[in-house]
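These are my notebook entries on one structure. I set down what I looked up, entry by entry.

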Amino acid sequence: MDAVKSFFKKVPIATLIIFGFWALILIVGFFLDFRMTSLFSDTIQRFGMWGLFVLAMVPSIQSGTGPNFALPIGVVTGLFAMVVSMDIGFIGFNLLIVSTVLAIVFGCLMGWGYGKLMNAVKGSEMAIATYTGFAATFFFSMIWLLYNTDNDFLGWFIGRGLRNFVSLTPFGTDQILDNFWQFEIFRSTNADGELIGGLVIPTGTLLVVLLACLLMWLFFRSKHGIAISAVGMNPMFAKATGLNADRSRVLANMISTVLAAVGIIVYAQSFGFMQLYDAPLMMAFPAVAAVLVGGATAQRSKVIHVIIGTILLQGLITNGPPVFGRLLEGADITDAVRMIVQNGIILYALAQMKGGGK
């Protein structure tokens, strides 16, 4: 009994609430004759799509700048890398590799500038970060409008500018990572003897996300990673011991921006489309909510929080619409529930910060 009480004391209340909601949805789905393998397959795919975005929160939180609400900076950087690679003429895995390399280069440059900005606005990082991400999104919207391309799959039929939605199928990258070494388990047959699909594992995408998680875990056991954590925990003490706090914060935000830039490439290939213009605007909020659901705070975060939080939140968001849709006879209240849960978790986490979030 004491062990159970100790466990519940260690697990954050937000994690328990989201787990309870998700479990309830799965139970209702089971009694409504949903295939559990289908629901879990959707959750696993969404984990792969959002994993790098949520992982991008770890270095920024550990450095003391808080959750990276400027995630759209990295997202538009990654989209720009994809557009350039497509316009040059790369396809398939070559497009994926070139886009990733360009995203890392551009992400380092943008992350460096963003890190410098965070050092200049110490104490107001999260508020400034949100508006910086919005500004970057609309700045790149002008770039998409003015971008001139001869590629019929990228540009409009008449005039200059890029489309809102760009299909990745003509470029050979539609779910290219998802299908890499993909396999299916728990296949079964129904009463008529027809084969029913099982649990689909998008191996390539999961390997990319889990490898990034492993590298992040190793990084925070290196000299630079320990320095970033020390700066975030106690900047004055870190400075007294000879650590360069500003440089550590810049490095952390560079890593966060690069992860977001690469993350949108992984997301887009899994989604099958590249979305431009205002699509990246609100992408930071689900990522922030996910890492907080996993047990992170606005001051401390670990890789395990990323994994747990992404699975729980994406499971809730992904499995909710079909189950509620059938339960309520077509009524869709899931978007309202998603916004309440997502923003409620962020508000709860910020309310727990020392000094009221300052």
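Which element gives the largest share of the lining of the largest cavity? I find that α6 does, with 3 residues.

**Entry: basis of the model.** I note that this is a predicted model, in which local features need pLDDT of at least 70, side-chain atom pairs count only at pLDDT 80 or more, and totals for chains, interfaces and linings use all residues. Residues are numbered from 1 along each chain as its sequence is written, and side-chain values use heavy atoms, with hydrogens and water left out. Element names follow DSSP runs, numbered from the N terminus: helices are H or I runs of at least four residues, and strands are E runs of at least two.

**Entry: the cavity.** I counted 1 cavity of 30 Å³ or more. A cavity here is a set of points, on a 1 Å grid over the protein atoms alone, where a 1.4 Å probe fits but cannot get out; lining residues have an atom within 4 Å of a point. Grid points are joined across faces, edges and corners, and the volume is the space filled by probe spheres set on the points. The largest cavity holds about 30 Å³ of space. Its lining consists of Met82, Leu95, Leu96, Ser99, Leu168, Thr173, Ile265 and Gln269. The elements that give two or more residues to this lining are α6 and α11 (245-271).

**Entry: the nonpolar patch.** I then turned to the surface. Phe93, Ile97, Val101, Val105, Leu109, Phe180, Trp181 and Leu207 form a nonpolar patch there, with about 800 Å² of accessible area together. Patch members have over 30% relative accessible area and no salt bridge, and nonpolar side chains (Val, Leu, Ile, Met, Phe, Trp, Tyr) are joined within 5 Å. Areas come from the Shrake-Rupley method with a 1.4 Å probe, and for residues only the protein chains shown count as cover. Helix α6 (residues 92-120) gives the most to the patch, with 5 residues. I checked Leu109, which lies in helix α6. Leu109 is classed as exposed because its relative accessible area is 59%; the classes are buried under 20%, exposed over 50%, and partly exposed in between (1.4 Å probe, protein chains only).

**Entry: the salt bridge.** How many salt bridges does the structure hold? I find 1, on the criterion of a side-chain nitrogen of Lys or Arg within 4 Å of a carboxyl oxygen of Asp or Glu. The side chains of Lys122 and Asp246 meet in it, at 2.6 Å from N to O. The pair links distant parts of the chain, 124 residues apart: Lys122 is in the loop between α6 and α7 (125-146), and Asp246 is in helix α11. Lys122 counts as partly exposed at 47% relative accessibility, and Asp246 likewise counts as partly exposed, at 33%.

**Entry: positive phi.** Most residues other than glycine have a negative phi. I recorded Asp33, not a glycine, with a positive phi of about 70 degrees. Asp33 sits in the loop between α2 (13-31) and α3 (36-55) and is exposed at 67% relative accessibility. Gln175, also not a glycine, has a positive phi of about 55 degrees. Gln175 sits in the loop between β1 (165-167) and β2 (183-185) and is partly exposed, at 27%.

Entry: Is Leu55 buried or exposed? I find Leu55 buried, with a relative accessible area of 0%; its place is in helix α3.

- Leu55 and Ile307 are 8.4 Å apart in space and 252 residues apart in sequence.
- Leu55 and Gly263 are separated by 9.3 Å and lie 208 residues apart along the chain.

Lys302 lies in the loop between α12 (284-293) and α13 (303-327) and is exposed, at 56%. Gly263 is found in helix α11 and counts as buried, at 1%.

Key:
Patches are made of residues with over 30% relative accessible area and no salt bridge: like charges are joined within 9 Å, nonpolar side chains (Val, Leu, Ile, Met, Phe, Trp, Tyr) within 5 Å. On a 1 Å grid over the protein atoms alone, a cavity is a set of points where a 1.4 Å probe fits but cannot get out, and a pocket is an open set with protein on both sides within 12 Å along at least five of seven lines; lining residues have an atom within 4 Å of a point.
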